[in-house]
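Please work through the following structure with me as a tutorial dialogue.

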Amino acid sequence: MSLISILLVTVAILSFAFGVLTLIGASKTDRMRSAWFCLATAGSAVWAISIAVFLALTNDSNSVPMWIYGIYIPPMVMMVGMLGYVSWRQKGGKLLTVVSLLSMIVLASLMVYDHELLYSSYAISHTGNTVDLDDGLFYVIYIVFFFAADSIFLLYSLFTVRHSRNKHIKNGALILMIGFAITGAVTLVVDLVLPYFGNYQWIWVGPLFISVTVAGYFYAILKYHMISVASRWLQMATYAVVGLTGVAIYMLLFYMIFTTLFKIPNPSASVLVLNFLMIVIVLLLMPVVREVSAVLRSMIMVGQVDIAYVVKKFNKLATRNVDLRELAGFLADHLHFAYIGFIINGKLYGSKSLAMSADEILQITHMKSTARGEVWQEPNKSVQKVLDELDLKAVAELRNAKGKAFGQIIVGKPLGKSSFEWRDLIQLEMIINLVATVIDSEKHIRA
């Protein structure tokens with residue numbers, strides 16, 4: 001099987017999976033519309049598989065006509081499904097969907113009853129498989145069906161974009177409308193016009209473009225919460241489908257690069273196996289790459305703090321005992337301060353060694369809270385002198401769930417800045433409560 005056939009089968013699975021997930025996650029009021037979308041993706045999937053098999057055929061057999069029907073009937077199913085999806089809420093849309101459905105049934109029945117209405121012959125050869133399409137009225141009507149259905153689809157999509165009060169639905173409809181406008185133009189050329197002249201080399205592009213559009217719309221569905229993915233198995237299925245989408249994109253890029261560099265239409269079996277192994281390796285390495293990227297980004301971006309990464313690490317730390325010096329070092333690195341330390345029970349645990357005497361620690365420990373009840377403390381003159389000598393900029397209380405102070409956090413100057421800004425304290429204050437939940441004065445203190 002060629003790489004194109006493998007790619008088509010992959011996008012077929014993706015398209016149908018998108019439809020099924022949309023149907024399962026739809027609300028009760030939106031279930032019928034989603035059923036039309038699922039029907040459309042099923043038609044797209046069968047269309048893609050039929051093209052994949054037809055292009056891969058190496059000898060004539062009795063099954064060839066079946067695959068030819070698979071190339072020309074499922075696209076009509078897809079268009080009827082998409083029309084029903086965007087227009088079913090309108091009375092006129094329901095009528096037009098039913099009319100298009102009946103038209104599809106008539107065209108498909110005539111096609112199966114007398115294949116010569118569609119094609120007179122076909123050729124299976126090493127130079128490329130082709131179908132000799134009939135130049136009569138039937139094929140003209142077939143093209144008009146798609147042109148009419150696509151036009152109605154775009155009009156109802158535009159109606160949704162203009163009149164929907166829900167911004168998310170409006171944005172999703174806009175993505176679908178633009179995607180199908182581009183896809184319709186491409187498909188008209190590569191799947192209807194060029195095959196009429198015997199050029200079947202590019203018929204695989206049509207279902208591929210359709211799948212890209214459906215994938216983009218499914219992303220919009222997830223982004224704008226247009227379906228519910230609350231159940232765990234549905235979430236796992238969504239992750240799997242998104243991962244498979246990445247695989248399809250990788251395969252397409254591989255095909256384009258391979259054919260461009262080596263001028264070979266189909267890679268050998270060993271190259272395909274190597275390509276598959278590379279995909280598996282990349283997927284296995286993704287969690288590691290993502291974690292390393294997050295660490296580097298959090299440490300390198302001195303001008304800002306990656307709060308999401310810091311909170312994620314704190315959630316992990318909260319499940320186990322922690323070394324306070326290690327925790328202080330982590331905060332100093334990722335919050336971008338020259339020094340961070342904890343004073344708990346008269347002991348200092350810092351991100352680096354700091355020459356602070358027991359008397360100085362005691363002075364800091366007895367600092368008073370601000371009158372406003374904030375976590376940041378106001379030093380007196382003697383304490384301020386100590387802080388200035390050690391190049392420390394602020395001190396804050398660590399409080400437990402009952403609001404009782406059990407320790408302090410001391411902060412050095414921010415990195416990459418010549419002066420200390422109050423917003424740095426505000427940003428740090430956002431995670432001080434998380435620090436307090438991780439540090440327990442009775443259970444988590446280690447020298």
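Q: How many residues does helix H4 have, and what does it reach from its first C-alpha to its last?
A: The expected span of a helix is 1.5 Å times one less than its number of residues. Helix H4 (residues 74-87) has 14 residues and reaches 20 Å, close to the 20 Å expected. Helices (H or I, at least four residues) and strands (E, at least two) are DSSP runs, numbered from the N terminus. The model is predicted, local features need pLDDT of at least 70, and side-chain atom pairs count only at pLDDT 80 or more, while totals for chains, interfaces and linings use all residues. Residues are numbered from 1 along each chain as its sequence is written, and side-chain values use heavy atoms, with hydrogens and water left out.

Q: Is H4 enclosed or exposed?
A: Buried means under 20% relative accessible area, exposed over 50%, and partly exposed in between (1.4 Å probe, protein chains only). In H4, 14 of the 14 residues are buried, so this helix is largely enclosed by the rest of the structure.

Q: How many helices and strands are in the chain?
A: The chain contains 15 helices and six strands. Of its 447 residues, 43% are buried.

Q: What share of the contacts between residues at least 6 apart in sequence join residues at least 24 apart?
A: Contact means heavy atoms within 4.5 Å. In this chain the share is 63%.
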